[in-house]
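User: Hey, can you walk me through this model? I'd like to go from the overall layout down to the packing.
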Amino acid sequence: MSDLRELYQQVILDHNKNPRNFHEMADASRKVEGYNPLCGDHYTIFVKFDDGTIRDVSFTGSGCAISKASASVMSSTVKGKTAEEAQSLFDTFHRLVTGDMSGLSAADLGRLAAFSGVSEFPARVKCATLAWHTLRTALDGQEDKVTTE
Amino acid sequence: MTTANPARQASEALIDVAELPPSALCAPPSRYDVAKIREDFPILRRTARGKHLVYLDNAATTQKPQAMIDRIVRYYAEENSNVHRGVHYLSEVATMEYENARGKVCRFLNARSEKEIVFTRGTTESINLVAQSWGRANVREGDQILITAIEHHSNIVPWQLLCDEKRATLRVIPVNDAGELRIDSLETLLNPKVKLLAVGHASNALGTINPIRKIVEMAHANGTLVLVDGAQGVPHMKVDVQALGCDFYAFSGHKVYGPTGIGVLYGREALLDAMPPWQGGGDMILSVSFEKTTWNALPYKFEAGTPNIEGVVALAASLDYVSSLGLDNIAAHEQDLLHYATARLLEIDGLRIIGTAREKASVISFVLEGVHPHDIGTIVDQHGIAIRTGHHCAQPLMLRFNVPATGRASFGLYNTKEEADALVAALRNVIEVFR
């Protein structure tokens, strides 16, 4: 059961219950839907993107605790970052949740460290990365819908 | 394999029936010994996540009895050959076993003739066969196909494809809040344009058992054919296609303790006979020339190519197995479990059961307040308990009940009340984690 506590850390439970930046954004410059058909996780990510910098991020939607907490933490982590910095954070996050920790330090991880337990649950990696995939699509400005299937 | 012992037979013959207690003569139904039945399923001995495996995902697929596993081994060790082709010994053996299996399926469903039993890859392929072969020949622009609001995607999408191609219309019979078919709506939806009604015998997502005889009666009075998706019917109850009166009945081997990749389509002979082939190849032809090909007789017309021989003979072994336990005994055991588990689950604060039909198969779909089903699935899995979480290949149904997904515990012939208790305990742990 210790794996369970690792997965559902207090930070995750807290962000699930009280998600940050959980609202629509009327003046968003990008708006992209993310969908995981396997479990029905469904979010819309709003981004205010200006001069190569993420000025603001918010999201709406519903899904499991892992996906919602991840969207919440992501939204507060990437605010003020450039697209490149956000991409680099996503790479770090992806390595964390897939168990590839080589060369990662606590400083690199910051608040993302709460998701370290996900690597023990391969079926949940998609939940954890859904919001990040959606953000990347928003920053690329290509599609308006992504799925993690 | 046991060989007969002549000495034992002789001594048994000496028993005077007058000395036996009356109960032995009346042969009351044997007690359903679930502990002994579990021994027939080797996988139930294993652990999952370091715990005893509690397998409650039987609506997805069932576990396999040793008799079926042995049958597959015996086929490849002693009988493997292609069927309906060679004149050599092994081909005769394999063909005989293959056709004997068809006979067993025929008797299992109480079909009139073995010509009415077509082997397919599964329920999905059986439904697609009817949609593509019967549908393409008989459905025209402006016609209608009826399905219900609680169908599995496999009984929705083949009809959508057909309707798109033929410019026909797919219409949906609604269900009430309990998940029961609205018979009054069926009455109004039936009209001369409705060529076929496709309905699940039992819902994989809610458990609802549909009143097939009543539906068939109403449809036939309207000149509408009825296809029954029996994937969740055959494992849970005795199915008699003549008594049901349906025109087509489809089921999968793997949901009735048989192998994956094998299924059955039952079709009334006159209908199958008039239907064009749907796949071309070997075995389904009588003669081939570059100018003209003539089709083989039923049921071979619909079995193109070398079939899944291993799957067919192993399916027959599974049907033998469930028949030896008795479908009525299995149904009684599962109903007992269903009622017990339903009552135990409802003791949990914040738990709501989706699908409360009066007639239900042993399937319980539920949601827990404040916890997404996917999180429930992960946590109970840590207790060694396998349940399904998600939309159960029935997305329109999730929309109907306004839930993104549900958790689903589905009970099979080997499940126990202790396993239902284990699920309840694990769900209490879910609540603790999320408190």
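This is a predicted model: local features need pLDDT of at least 70, side-chain atom pairs count only at pLDDT 80 or more; totals for chains, interfaces and linings use all residues.

User: How is chain B divided into domains?
Analyst: Domain 1 of chain B covers 29-58 + 326-434, and domain 2 covers 69-324. Those bounds come from an automatic or database domain assignment. The C-alpha centres of the two domains lie 28 Å apart.

User: And how many residues of each domain are in contact?
Analyst: 23 residues of domain 1 of chain B are in contact with 21 residues of domain 2 of chain B. Contact is when the C-beta atoms of two residues, placed from the backbone, lie within 7 Å.

User: Which element gives the most on the domain 1 side?
Analyst: That's α13(B), with five residues on the side of domain 1 of chain B that touches domain 2 of chain B. α13 (327-346), β14 (363-368) and α15 (395-400) of chain B each supply at least two residues of that side. Helices (H or I, at least four residues) and strands (E, at least two) are DSSP runs, numbered from the N terminus.

User: What's that side like by class?
Analyst: It has twelve nonpolar, five polar and six charged residues. Ala, Val, Leu, Ile, Met, Phe, Trp, Tyr, Cys and Pro count as nonpolar, Asp, Glu, Lys and Arg as charged, and the others, Gly among them, as polar.

User: Switching topic, what's the strand order in the open sheet of chain B?
Analyst: The order is β13-β14-β17-β16 (chain B), four strands with antiparallel pairing. Two strands pair if DSSP finds at least two bridges between them. β13 (351-354) and β16 (388-390) of chain B are at the edges with a single partner strand each, so one side of each has no neighbour in the sheet.

User: How many bridges join β13(B) to β14(B)?
Analyst: Four, and the two strands run antiparallel. In β14(B), Leu368(B) is the bridge partner of Leu351(B).

User: Which strands does α13(B) lie across?
Analyst: α13(B) lies across β13, β14 and β17 (406-410) of chain B, at about 145° to β13(B). For angles like this, axes are lines fitted to C-alpha atoms, for helices over the stretch in contact, and angles run from 0 to 180 degrees between N-to-C directions.

User: How does α13(B) cross helix α16 of chain B?
Analyst: The axes of α13(B) and α16 (residues 417-434) of chain B come within 10 Å and cross at roughly 20°. That makes the pair α13(B) and α16(B) roughly parallel. Angles under 35 degrees count as roughly parallel, over 145 as roughly antiparallel, 65 to 115 as roughly perpendicular and the rest as oblique. The contact involves residues including Leu337(B) and Tyr340(B) of α13(B) and Ala420(B) and Val424(B) of α16(B).

User: Over in chain A, at what angle do α3 and α6 cross?
Analyst: Helix α3 (residues 65-77) and helix α6 (residues 125-140) of chain A cross at roughly 40°, with axes coming within 6 Å. α3(A) and α6(A) are therefore oblique to each other. Their contact has nine nonpolar, two polar and no charged residues.

User: Last one: how many residues of chain A are in contact with chain B?
Analyst: 15 residues of chain A are in contact with 13 residues of chain B. The chain A side has ten nonpolar, three polar and two charged residues.

How values were computed
Residues are numbered from 1 along each chain as its sequence is written. Chains are lettered from A and ligands numbered from 1 in the order in which they are written.
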